[in-house]
Amino acid sequence: TYTTGTKSGEENKNTIESLYRLSVDIKKIRRLKEWVLLQDVTYVKEIAGILQEMGADETTVASILERCPEAILHTPAEINAQRALWHLVCQNKKQLIKLIEQFPESFFTTDYYENQKANILFFQELGLKNNIITRFLTSAPNIFYNPVEKNKNVMETLQRNYLSLGGSDANMRIWILKLLSQNPFILLNTPMTIQENLEFLQKNGFTDHEVLQLLSKLKGFIFQVTPTTMQKSMLFSKNVFKCSDQELKQLVLKCPALLYYSVPVLEERLEGLLKEGISVAQIRETPMVLELTTQIVQYRIKKLSALGYDIKSGTLESLNGTKKDFEVNYGKIQSKKERPIFNPVAPINIED
């Protein structure tokens, strides 16, 4: 028989033949997800047909099925429903098939269809642009698996706290949308976690305005830690920098990473800096350098040293920032070094 099924633990010959005709690398599927090939019922031709209708060529279809073979276990009705759902936020046919090829697992997860649909409509009502919702669907699909009521509760908790911390009604919507765009994973927290973390900051002497400042600077990542880990990180920083509670608070406002990173991470980064001959006093002056991994710091110091810039005696500002920020600083230092001291075409000063 062609369909042997899972009971005998043999591969479904119909499935294998259909995939073979589509030039799918069956060895790859055997290596990664062989269980798919053992299923009694599959919809290889139908799913391939839907993808082709959507504009996928043969190579794209094969690539999608190799990366996400479980796609063939879904019924055509389920995939057509998913297609209509994604069309709500991505109407460009070409762009949609490109997204499916890049993120097939996100597209072929159909178990939460009702939640996905309700959440897409909720995000649209909130005012999130379709391109941002599309980004969420591909990079943070699990936020759509929550019942919409759960996501609404988290958003209401954030809005309520924003207002109680002194934020204005006029700015609230913009603030919420920005926070959500920067870090959609906030929605995976519970309203209780959010409340506890904000209360921890207030108990540690941060004013309402400062708490709002931290929330914006940390892009909502503050909700992915616990009061216990924040307490440990703050205590570690206080001991390292030998500072008072007030001084520590200023350091945290300057560099929120001191609050967000765990003690082992801070310890490793601090040791990396000290090994490069950088002093604790320099780090205290520019704590933002702790936001960088040890590898990035070593790479940047090496590049600056090649220009004759001594990081031990100077400021750490030149190490800071994003890759783009660093390249700009590096370029300035480089051009300063290459600039001639004497300009032969400059007008001569008579007094000289």
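1. Contact means heavy atoms within 4.5 Å. By that rule, and leaving aside its neighbours within four places in sequence, Thr-134 is in contact with Val-89, Cys-90 and Leu-99.

2. Some ground rules come next. This is a predicted model, in which local features need pLDDT of at least 70 and side-chain atom pairs count only at pLDDT 80 or more, while totals for chains, interfaces and linings use all residues. Residues are numbered from 1 along each chain as its sequence is written, and side-chain values use heavy atoms, with hydrogens and water left out.

3. Back to Thr-134. Its place is in helix H9 (residues 130-139). Helices (H or I, at least four residues) and strands (E, at least two) are DSSP runs, numbered from the N terminus. Is Thr-134 buried or exposed? Thr-134 counts as buried because its relative accessibility is 6%. The cut-offs are these: buried is under 20% relative accessible area, exposed is over 50%, and partly exposed is in between (1.4 Å probe, protein chains only). A polar atom of the Thr-134 side chain lies 3.3 Å from the backbone oxygen of Val-89.

4. Now the domains. The protein chain is divided into domain 1 (9-110) and domain 2 (113-220). These bounds come from an automatic or database domain assignment. The C-alpha centres of domain 1 and domain 2 lie 33 Å apart. Across the two, twelve residues of domain 1 are in contact with twelve residues of domain 2.

5. Asn-183 sits in the loop between helix H11 (169-182) and helix H12 (191-203). Asn-183 counts as buried, because its relative accessibility is 1%. Not counting residues up to four places away in sequence, Asn-183 touches Lys-219, Gly-220, Phe-221 and Gln-224. With Gln-224 there is also a polar contact, side chain to side chain, at 2.9 Å. A polar contact is a pair of N or O atoms within 3.5 Å; within protein, one must be able to donate a hydrogen and the other to accept it, and residues adjacent in sequence count only if both atoms are side-chain atoms.

6. Ser-23 is not a glycine, yet its phi is positive, near 60°. Ser-23 lies in the loop between helix H1 (13-21) and helix H2 (26-33). At 44% relative accessibility, Ser-23 counts as partly exposed. Lys-242 is not a glycine either, and its phi is positive at about 45°. Lys-242 lies in the loop between H14 and H15. With a relative accessible area of 69%, Lys-242 is exposed.

7. Ala-77 is found in helix H5 (residues 76-87). Ala-77 counts as exposed, because its relative accessibility is 57%. Ala-77 and Glu-46 are 31 residues apart along the chain, and their C-alpha atoms are separated by 10.0 Å.

8. Helix H15 (residues 245-254) has a buried set: Leu-248, Lys-249, Leu-251, Val-252 and Leu-253. What do the buried residues of H15 pack against? The partners are helix H13 (208-217), H14, helix H16 (257-260) and helix H18 (280-285).

9. On a 1 Å grid over the protein atoms alone, a cavity is a set of points where a 1.4 Å probe fits but cannot get out, and a pocket is an open set with protein on both sides within 12 Å along at least five of seven lines; lining residues have an atom within 4 Å of a point. Grid points are joined across faces, edges and corners, and a volume is the space filled by probe spheres set on the points.

10. The count comes to one cavity of 30 Å³ or more. The largest cavity holds about 40 Å³ of space. Its lining is Phe-236, Ser-237, Val-240, Phe-241, Leu-258, Leu-266, Leu-270 and Leu-290. Helix H14 (227-241) and helix H17 (263-275) are the elements that give two or more residues to it. H14 gives the most, with four residues.

11. The largest pocket has a volume of about 480 Å³. It is lined by 18 residues, and the closest to its centre are Lys-217, Lys-219, Ala-257, Tyr-261 and Glu-291. H16 and helix H19 (294-306) are the elements that give two or more residues to this lining.

12. The second largest pocket has a volume of about 180 Å³. Among the residues that line it are Asn-204, Gln-231, Leu-248 and Lys-249. The elements that give two or more residues here are H14 and H15.
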